[in-house]
Amino acid sequence: MIIVLKQNSVEADKLALVNYLTEHHIAYHLVPQQHIVVITKESNIDNLSEFACIERTYQINTPYKLASKIWKESTSFNIGSNSIGNGIFNIMAGPCSVENEDQIFSTAEFLSKLGVKILRGGAYKPRTSPYSFRGLGKAGLQLLRKAADKYNMGVVTEILDYSLLDEVMEYADVLQVGSRNMHNFYLLDQLGKINKPVLLKRGFQGKTVEWLLAAEYILSGGNAQVILCERGIRSFDPSSRNILDLGIVPLIKELSHLPIIVDPSHGTGNALRVKPASLAAAAIGADGILVEVHPNPPKALSDSEQALSFEEFEKLLTETQNLLKALGKQADTESIPLKTESL
Ligand code: PEP
Ligand code: MN
């Protein structure tokens, strides 16, 4: 159950409610910074109507409560001067890893000319092999921020470990939790305490309920700004890097109020399949996409097979915008004239 308290409720009334719950051995969680009490184990509670501080109660029988659609229709919030979850399709793009000044500045310049407002780039990279390129670290964050500022863009980058939280907070507008960290509950707890959006990727073996419970960790800490990102799951079939589970988009829309975007790059693992997967994500009702783009894909230091060239990305953008238009929707990149015009 969720108990939403009145915004202007006085401390004494809240205390009376909390004391009542404690006396009746009812397990609860007060959400910091929000006027919400989560009853963590479902029970019928008598006499709640007597508490003046209560605005509304919602019976929620799923293990996740704050992530549930039962109490909230949709969530939208700002990312810098942009916003997400308001029906506009967000297109976030950039290289897998920040590699050098030239690479990130040329990518930011190109993307911003097309109207892209959020620049992605990894500075601390989770790599399967410790001998692979693992990112430039702090220098990468600084380059990313400088490039984004020059072209008036927001920054999304991965937070690999809670010990890096202060550092990443200094440079990022959105903190990405990678697929390998969806179950890192201590990190999720820390992200519940910040006041910046968190892009929570689905673990590559994450069940829907586990993913929503990972989101619940952040929400229950008081941070309501969570974006879910489907990025593909492991399967028996080695012919593609991952299986992009697009069916989860409408499922999440049924279950949760949180915005959900799709990562067609990791989801398919191959540049040829990124555009069709992006179009499918737009058609199935996602709130946006997160796409890997590189000025010279064959030379990319990470995920080169799935990186789009500038030309390929521009084509993807044009076709996605055209598709959205046909669906009566709009991308956040629009109002910027594009060169290519094919569907
Ligand atoms: C990435 O976005 O570059 C990344 C490492 O993603 P994932 O966590 O989905 O593998
Ligand atoms: Mn990548």
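On a 1 Å grid over the protein atoms alone, a pocket is an open set of points with protein on both sides within 12 Å along at least five of seven lines. A molecule sits in a pocket if more than half of its atoms lie within 2 Å of its grid points. Ligand 1 sits in the largest pocket. Please keep in mind that this is a predicted model, where local features need pLDDT of at least 70 and side-chain atom pairs count only at pLDDT 80 or more. Residues are numbered from 1 along each chain as its sequence is written, and ligands are numbered from 1 in the order in which they are written.

**Around ligand 1**

- There are 13 residues around ligand 1, counting those with a heavy atom within 4 Å of the molecule; R120, K125, S179, K201 and R231 come nearest.
- A polar side-chain atom of R231 lies 2.6 Å from an oxygen atom of ligand 1, while for K201 the distance is 2.9 Å.
- The protein buries 98% of the 300 Å² that ligand 1 exposes when taken alone (Shrake-Rupley method, 1.4 Å probe).

**Around the manganese ion**

- C96 (SG), H266 (NE2), E292 (OE) and D303 (OD) coordinate the manganese ion (ligand 2) at 2.1 to 2.4 Å; donors are N, O and S atoms within 2.8 Å of the metal (3.2 Å for Na, K and Ca).
- Along the chain, these donors follow the spacing C-x169-H-x25-E-x10-D.
- E292 is buried, with a relative accessible area of 1%, and D303 is buried at 17% (buried means under 20%, with a 1.4 Å probe and protein chains only).

How values were computed:
Side-chain values use heavy atoms; hydrogens and water are left out. Buried means under 20% relative accessible area, exposed over 50%, partly exposed in between (1.4 Å probe, protein chains only). A polar contact is a pair of N or O atoms within 3.5 Å; within protein, one must be able to donate a hydrogen and the other to accept it, and residues adjacent in sequence count only if both atoms are side-chain atoms. On a 1 Å grid over the protein atoms alone, a cavity is a set of points where a 1.4 Å probe fits but cannot get out, and a pocket is an open set with protein on both sides within 12 Å along at least five of seven lines; lining residues have an atom within 4 Å of a point.
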